[in-house]
Amino acid sequence: MLMHFSTHDLAPKICREAVANTYGQHVKGAIDFSPDHPVAAEMWLRQVGGIHIAMVETSPVRISTPASDNGVLYLGITVAGGGVIDALGEARPVKAGDFNIMQCARPSVTVADQPSRILSIMVPHDHILHRLKSQDTITKPQPVSASATKLLQSYATTLLSDDGATQTGFEQSVMSSHIIDLAVLVLGGGRDHEEHARRNGSRAARREVIKADIRAHLANPDLSLDWLVKRHRLSASYIRSLFYDEGTSFTDFVVDARLSHVASLLRTPTNAHETIAAIVFLAGFNDISWFNKLFRRRFGMTPSEWRAHNS
(Lines give C-alpha, C1' and ligand atoms only; values in the text may rest on other atoms or scores of the structure.)
Protein backbone atom coordinates (compact mmCIF):
# COMPACT_ATOMS: atom_id res chain seq x y z
CA MET A 1 0.00 0.00 0.00
CA LEU A 2 1.29 3.44 -0.93
CA MET A 3 1.69 6.02 1.84
CA HIS A 4 1.82 9.73 0.98
CA PHE A 5 2.85 12.49 3.38
CA SER A 6 3.27 16.24 2.96
CA THR A 7 4.03 19.15 5.29
CA HIS A 8 2.01 21.47 3.04
CA ASP A 9 -1.08 21.53 5.23
CA LEU A 10 0.68 21.17 8.61
CA ALA A 11 1.30 23.88 11.16
CA PRO A 12 4.99 24.94 11.00
CA LYS A 13 5.61 24.04 14.64
CA ILE A 14 4.82 20.36 14.11
CA CYS A 15 6.48 19.87 10.71
CA ARG A 16 9.86 18.72 12.04
CA GLU A 17 8.41 16.07 14.32
CA ALA A 18 5.95 14.88 11.66
CA VAL A 19 8.75 14.46 9.10
CA ALA A 20 10.99 12.66 11.59
CA ASN A 21 8.24 10.22 12.54
CA THR A 22 7.22 9.51 8.95
CA TYR A 23 10.67 9.16 7.41
CA GLY A 24 11.73 7.16 10.46
CA GLN A 25 9.57 4.33 9.13
CA HIS A 26 12.06 4.03 6.27
CA VAL A 27 15.40 5.17 7.73
CA LYS A 28 16.16 5.21 11.43
CA GLY A 29 18.01 8.44 12.03
CA ALA A 30 17.97 12.04 13.24
CA ILE A 31 16.67 14.71 10.87
CA ASP A 32 17.88 18.28 11.26
CA PHE A 33 16.48 20.89 8.89
CA SER A 34 18.40 24.04 8.04
CA PRO A 35 17.28 26.98 10.21
CA ASP A 36 17.67 29.24 7.16
CA HIS A 37 14.80 27.58 5.28
CA PRO A 38 11.22 26.69 6.24
CA VAL A 39 10.67 22.97 6.77
CA ALA A 40 9.11 21.49 3.66
CA ALA A 41 8.90 17.83 2.76
CA GLU A 42 6.76 15.50 0.71
CA MET A 43 7.17 11.73 0.77
CA TRP A 44 5.85 8.68 -1.00
CA LEU A 45 6.59 5.37 0.74
CA ARG A 46 5.73 1.84 -0.22
CA GLN A 47 6.66 -1.67 0.87
CA VAL A 48 6.94 -4.27 -1.91
CA GLY A 49 7.70 -7.71 -0.54
CA GLY A 50 10.64 -7.23 1.81
CA ILE A 51 11.76 -4.01 0.13
CA HIS A 52 10.92 -0.45 1.19
CA ILE A 53 10.83 2.31 -1.43
CA ALA A 54 10.71 6.01 -0.57
CA MET A 55 10.73 9.15 -2.69
CA VAL A 56 11.44 12.29 -0.70
CA GLU A 57 11.25 15.92 -1.78
CA THR A 58 12.80 18.07 0.92
CA SER A 59 14.11 21.49 1.82
CA PRO A 60 17.79 21.56 2.92
CA VAL A 61 18.29 18.89 5.57
CA ARG A 62 20.90 16.84 7.42
CA ILE A 63 20.16 13.18 8.15
CA SER A 64 22.36 11.34 10.66
CA THR A 65 21.99 7.56 10.68
CA PRO A 66 23.50 5.52 13.53
CA ALA A 67 25.21 2.18 13.01
CA SER A 68 22.97 -0.87 13.34
CA ASP A 69 22.99 -4.56 12.49
CA ASN A 70 19.55 -4.67 10.87
CA GLY A 71 20.97 -6.37 7.78
CA VAL A 72 19.86 -3.88 5.13
CA LEU A 73 21.40 -1.67 2.48
CA TYR A 74 19.97 1.66 1.40
CA LEU A 75 20.32 2.32 -2.31
CA GLY A 76 19.88 6.01 -3.05
CA ILE A 77 19.47 7.94 -6.29
CA THR A 78 19.63 11.73 -6.23
CA VAL A 79 16.87 12.68 -8.65
CA ALA A 80 17.27 16.45 -8.23
CA GLY A 81 19.33 18.75 -6.05
CA GLY A 82 22.37 17.46 -4.21
CA GLY A 83 24.73 17.83 -1.28
CA VAL A 84 27.29 15.68 0.53
CA ILE A 85 27.24 12.06 1.73
CA ASP A 86 29.79 10.04 3.72
CA ALA A 87 28.01 6.68 3.55
CA LEU A 88 31.14 4.81 2.35
CA GLY A 89 33.57 6.29 4.84
CA GLU A 90 34.58 9.47 3.03
CA ALA A 91 32.63 12.63 2.44
CA ARG A 92 31.92 13.24 -1.22
CA PRO A 93 29.61 15.55 -3.14
CA VAL A 94 26.49 14.17 -4.80
CA LYS A 95 24.46 15.66 -7.61
CA ALA A 96 21.39 14.78 -9.65
CA GLY A 97 21.77 11.36 -11.26
CA ASP A 98 24.25 10.00 -8.70
CA PHE A 99 23.79 6.55 -7.16
CA ASN A 100 24.80 6.02 -3.53
CA ILE A 101 24.93 3.13 -1.08
CA MET A 102 24.45 3.48 2.65
CA GLN A 103 25.48 0.61 4.89
CA CYS A 104 23.92 0.34 8.31
CA ALA A 105 27.08 -1.27 9.70
CA ARG A 106 28.55 2.19 10.25
CA PRO A 107 27.13 5.61 11.10
CA SER A 108 26.64 7.96 8.18
CA VAL A 109 25.57 11.50 7.46
CA THR A 110 23.71 12.78 4.42
CA VAL A 111 23.42 16.52 3.82
CA ALA A 112 21.11 17.98 1.19
CA ASP A 113 22.34 21.58 1.03
CA GLN A 114 19.65 22.60 -1.45
CA PRO A 115 16.04 21.57 -2.14
CA SER A 116 16.36 17.97 -3.28
CA ARG A 117 14.43 14.95 -4.50
CA ILE A 118 15.86 11.61 -3.43
CA LEU A 119 14.81 8.04 -4.17
CA SER A 120 15.78 5.57 -1.45
CA ILE A 121 15.37 1.80 -1.62
CA MET A 122 15.91 -0.39 1.44
CA VAL A 123 17.05 -3.90 0.48
CA PRO A 124 17.98 -6.83 2.79
CA HIS A 125 21.67 -7.34 2.08
CA ASP A 126 21.38 -11.13 2.00
CA HIS A 127 19.19 -10.71 -1.11
CA ILE A 128 21.96 -9.07 -3.08
CA LEU A 129 25.51 -9.49 -1.71
CA HIS A 130 26.04 -13.05 -2.95
CA ARG A 131 25.03 -12.01 -6.48
CA LEU A 132 27.64 -9.25 -6.88
CA LYS A 133 30.86 -9.70 -8.78
CA SER A 134 32.69 -7.91 -5.98
CA GLN A 135 31.52 -6.65 -2.61
CA ASP A 136 33.95 -3.74 -2.99
CA THR A 137 31.01 -2.02 -4.70
CA ILE A 138 29.31 -1.48 -1.36
CA THR A 139 32.39 -0.70 0.73
CA LYS A 140 34.02 2.02 -1.36
CA PRO A 141 33.02 4.26 -4.25
CA GLN A 142 32.84 2.35 -7.54
CA PRO A 143 31.60 3.15 -11.06
CA VAL A 144 28.02 1.97 -11.57
CA SER A 145 25.89 1.41 -14.64
CA ALA A 146 24.19 4.68 -15.58
CA SER A 147 21.63 2.97 -17.82
CA ALA A 148 20.70 0.43 -15.13
CA THR A 149 20.49 3.23 -12.55
CA LYS A 150 18.04 5.12 -14.75
CA LEU A 151 15.96 1.99 -15.26
CA LEU A 152 15.94 1.24 -11.50
CA GLN A 153 14.81 4.81 -10.87
CA SER A 154 12.05 4.59 -13.49
CA TYR A 155 10.78 1.24 -12.24
CA ALA A 156 10.76 2.24 -8.55
CA THR A 157 9.01 5.50 -9.42
CA THR A 158 6.42 3.54 -11.37
CA LEU A 159 5.72 1.40 -8.31
CA LEU A 160 5.30 4.55 -6.22
CA SER A 161 2.70 5.88 -8.66
CA ASP A 162 0.40 2.89 -8.03
CA ASP A 163 -0.92 2.01 -4.56
CA GLY A 164 -0.96 -1.68 -5.44
CA ALA A 165 -4.27 -2.26 -3.68
CA THR A 166 -5.19 -5.12 -6.01
CA GLN A 167 -1.78 -6.81 -6.08
CA THR A 168 -1.36 -10.24 -4.52
CA GLY A 169 1.52 -11.30 -2.34
CA PHE A 170 2.93 -13.22 -5.29
CA GLU A 171 2.79 -10.15 -7.53
CA GLN A 172 4.59 -8.08 -4.92
CA SER A 173 7.21 -10.81 -4.59
CA VAL A 174 7.79 -10.65 -8.34
CA MET A 175 8.15 -6.86 -8.18
CA SER A 176 10.66 -7.08 -5.34
CA SER A 177 12.69 -9.61 -7.33
CA HIS A 178 12.76 -7.14 -10.23
CA ILE A 179 14.13 -4.45 -7.89
CA ILE A 180 16.86 -6.86 -6.73
CA ASP A 181 17.72 -7.78 -10.33
CA LEU A 182 18.04 -4.12 -11.29
CA ALA A 183 20.20 -3.40 -8.24
CA VAL A 184 22.50 -6.25 -9.30
CA LEU A 185 22.80 -4.70 -12.76
CA VAL A 186 23.60 -1.31 -11.23
CA LEU A 187 26.26 -2.66 -8.88
CA GLY A 188 27.69 -5.32 -11.19
CA GLY A 189 26.77 -8.96 -10.75
CA GLY A 190 28.73 -12.14 -11.24
CA ARG A 191 28.52 -13.57 -14.75
CA ASP A 192 25.55 -15.90 -14.21
CA HIS A 193 23.77 -13.46 -11.90
CA GLU A 194 24.27 -10.60 -14.37
CA GLU A 195 22.68 -12.56 -17.18
CA HIS A 196 19.77 -13.67 -14.98
CA ALA A 197 19.20 -10.08 -13.84
CA ARG A 198 19.32 -8.77 -17.39
CA ARG A 199 16.89 -11.40 -18.65
CA ASN A 200 14.40 -11.24 -15.78
CA GLY A 201 14.74 -7.85 -14.14
CA SER A 202 15.70 -5.52 -16.96
CA ARG A 203 13.08 -6.68 -19.48
CA ALA A 204 10.30 -6.82 -16.89
CA ALA A 205 11.15 -3.36 -15.56
CA ARG A 206 11.28 -1.82 -19.04
CA ARG A 207 7.90 -3.38 -19.84
CA GLU A 208 6.30 -1.96 -16.67
CA VAL A 209 7.81 1.48 -17.24
CA ILE A 210 6.49 1.52 -20.82
CA LYS A 211 3.07 0.32 -19.65
CA ALA A 212 2.95 3.13 -17.10
CA ASP A 213 3.94 5.63 -19.79
CA ILE A 214 1.14 4.36 -22.04
CA ARG A 215 -1.47 4.60 -19.25
CA ALA A 216 -0.36 8.16 -18.49
CA HIS A 217 -0.78 9.24 -22.13
CA LEU A 218 -3.90 7.40 -23.31
CA ALA A 219 -5.49 10.65 -24.50
CA ASN A 220 -2.38 11.74 -26.38
CA PRO A 221 -3.12 11.59 -30.12
CA ASP A 222 0.61 10.98 -30.73
CA LEU A 223 0.62 7.77 -28.66
CA SER A 224 2.06 5.12 -30.96
CA LEU A 225 4.88 2.62 -31.20
CA ASP A 226 7.05 5.19 -32.97
CA TRP A 227 6.33 7.72 -30.20
CA LEU A 228 7.52 5.24 -27.57
CA VAL A 229 10.59 4.36 -29.62
CA LYS A 230 11.68 8.01 -29.55
CA ARG A 231 10.83 8.55 -25.87
CA HIS A 232 12.55 5.42 -24.56
CA ARG A 233 15.30 5.14 -27.18
CA LEU A 234 14.48 1.51 -27.86
CA SER A 235 13.83 -0.28 -31.11
CA ALA A 236 10.27 -1.01 -32.22
CA SER A 237 11.04 -4.73 -32.37
CA TYR A 238 12.32 -4.72 -28.79
CA ILE A 239 9.20 -2.96 -27.48
CA ARG A 240 6.99 -5.40 -29.38
CA SER A 241 8.92 -8.31 -27.88
CA LEU A 242 8.27 -7.03 -24.35
CA PHE A 243 4.53 -7.40 -24.95
CA TYR A 244 4.94 -10.71 -26.76
CA ASP A 245 6.60 -12.02 -23.57
CA GLU A 246 3.18 -11.71 -21.93
CA GLY A 247 1.26 -13.18 -24.83
CA THR A 248 -0.14 -9.88 -26.06
CA SER A 249 0.82 -7.08 -28.44
CA PHE A 250 1.45 -3.37 -28.13
CA THR A 251 -1.80 -2.56 -29.96
CA ASP A 252 -3.90 -4.94 -27.87
CA PHE A 253 -2.42 -3.53 -24.65
CA VAL A 254 -3.21 0.06 -25.64
CA VAL A 255 -6.78 -0.81 -26.62
CA ASP A 256 -7.33 -2.77 -23.40
CA ALA A 257 -5.87 0.07 -21.31
CA ARG A 258 -8.18 2.58 -23.01
CA LEU A 259 -11.23 0.36 -22.48
CA SER A 260 -10.37 -0.03 -18.79
CA HIS A 261 -9.90 3.72 -18.49
CA VAL A 262 -13.30 4.42 -20.03
CA ALA A 263 -14.94 1.86 -17.74
CA SER A 264 -13.35 3.55 -14.73
CA LEU A 265 -14.39 7.04 -15.84
CA LEU A 266 -17.98 5.91 -16.48
CA ARG A 267 -18.38 4.68 -12.91
CA THR A 268 -16.82 7.79 -11.35
CA PRO A 269 -19.60 10.01 -9.84
CA THR A 270 -17.81 13.25 -10.74
CA ASN A 271 -18.11 12.31 -14.42
CA ALA A 272 -21.86 11.75 -14.30
CA HIS A 273 -22.51 15.01 -16.19
CA GLU A 274 -20.12 14.09 -19.01
CA THR A 275 -21.47 12.47 -22.14
CA ILE A 276 -20.22 9.01 -23.01
CA ALA A 277 -18.79 10.38 -26.27
CA ALA A 278 -16.74 12.98 -24.40
CA ILE A 279 -15.34 10.32 -22.07
CA VAL A 280 -14.54 8.02 -24.99
CA PHE A 281 -12.57 10.73 -26.77
CA LEU A 282 -10.84 11.62 -23.48
CA ALA A 283 -9.53 8.05 -23.31
CA GLY A 284 -8.02 8.30 -26.79
CA PHE A 285 -10.64 6.60 -28.97
CA ASN A 286 -11.62 8.48 -32.12
CA ASP A 287 -14.21 6.09 -33.58
CA ILE A 288 -17.35 5.71 -31.44
CA SER A 289 -18.79 2.84 -33.47
CA TRP A 290 -15.58 0.83 -33.21
CA PHE A 291 -15.32 1.65 -29.49
CA ASN A 292 -18.88 0.45 -28.82
CA LYS A 293 -18.12 -2.93 -30.40
CA LEU A 294 -14.92 -3.31 -28.41
CA PHE A 295 -16.57 -2.25 -25.15
CA ARG A 296 -19.48 -4.68 -25.50
CA ARG A 297 -17.10 -7.51 -26.38
CA ARG A 298 -14.95 -6.75 -23.32
CA PHE A 299 -17.63 -6.03 -20.70
CA GLY A 300 -20.70 -7.81 -22.07
CA MET A 301 -22.86 -4.66 -22.08
CA THR A 302 -23.06 -1.27 -23.73
CA PRO A 303 -21.34 1.77 -22.18
CA SER A 304 -24.76 3.16 -21.17
CA GLU A 305 -25.68 -0.11 -19.46
CA TRP A 306 -22.27 -0.18 -17.73
CA ARG A 307 -22.75 3.35 -16.42
CA ALA A 308 -26.27 2.59 -15.15
CA HIS A 309 -25.14 -0.69 -13.58
CA ASN A 310 -22.27 0.97 -11.71
CA SER A 311 -23.96 4.22 -10.71
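Modeller: Angles between axes of 65 to 115 degrees count as roughly perpendicular. This is a predicted model. In it, the axes of helix H5 (residues 225–232) and helix H6 (residues 236–244) cross at roughly 105 degrees, and H5 and H6 are therefore roughly perpendicular to each other. Their axes come within 9 Å. On the H5 side, the contact is made by Leu225, Leu228 and Val229; on the H6 side, Ala236, Ile239 and Arg240 take part. Sorted by class, the contact of H5 with H6 has 5 nonpolar residues, 1 charged residue and no polar ones.

Next comes the sheet. It is open and has 6 strands, in the order S1-S3-S4-S11-S6-S9, with antiparallel pairing. Strand S1 (2–6) and strand S9 (99–103) are at the edges with a single partner strand each, so one side of each has no neighbour in the sheet. From one strand to the next, the twist averages 15 degrees. Within the sheet, strand S4 (residues 51–58) and strand S11 (residues 116–124) run antiparallel and are joined by 7 bridges. Glu57 stands opposite Arg117 in S11.

Two helices pack on this sheet. Helix H1 (residues 12–23) touches S1, strand S3 (41–48), S4 and S11, and the direction of H1 makes about 15 degrees with that of S3. Helix H2 (residues 146–160) touches S1, S3, S4, strand S6 (72–80), S9 and S11. The direction of H2 makes about 90 degrees with that of S4.

In soluble globular proteins, nonpolar side chains tend to be buried together. Here the largest nonpolar core has 36 residues, and Ile53, Ile121 and Ile179 have the most contacts inside it. Among the elements that each supply at least two residues of this core are S4, S11, H2, helix H3 (169–187) and helix H4 (191–216). H3 gives the most, with 9 residues. A second, separate core has 16 residues, including Val262, Ala263, Phe295 and Met301.

Lys211 lies in helix H4. Residues under 20% relative accessible area are buried, so Lys211, at 7% relative accessibility, counts as buried. Leaving out residues up to four places away in sequence, Lys211 touches Phe243, Glu246 and Phe253.

Notes:
Residues numbered from 1 in each chain as written. Predicted model: local features only at pLDDT ≥ 70, side-chain atom pairs only at ≥ 80, totals over all residues. Heavy atoms only, no water. Pairing = 2+ DSSP bridges. Helix = DSSP H or I, 4+ residues; strand = E, 2+ residues; numbered from the N terminus. Axes fitted to C-alpha atoms, helices over the stretch in contact; angles between N-to-C directions. Contact = heavy atoms within 4.5 Å. Parallel < 35°, antiparallel > 145°, perpendicular 65-115°, else oblique. Nonpolar A, V, L, I, M, F, W, Y, C, P; charged D, E, K, R; others polar. Core = buried A, V, L, I, M, F, W, Y, C linked by side-chain atoms within 4.5 Å. Buried < 20%, exposed > 50% of the residue type's maximum accessible area, 1.4 Å probe, protein only.
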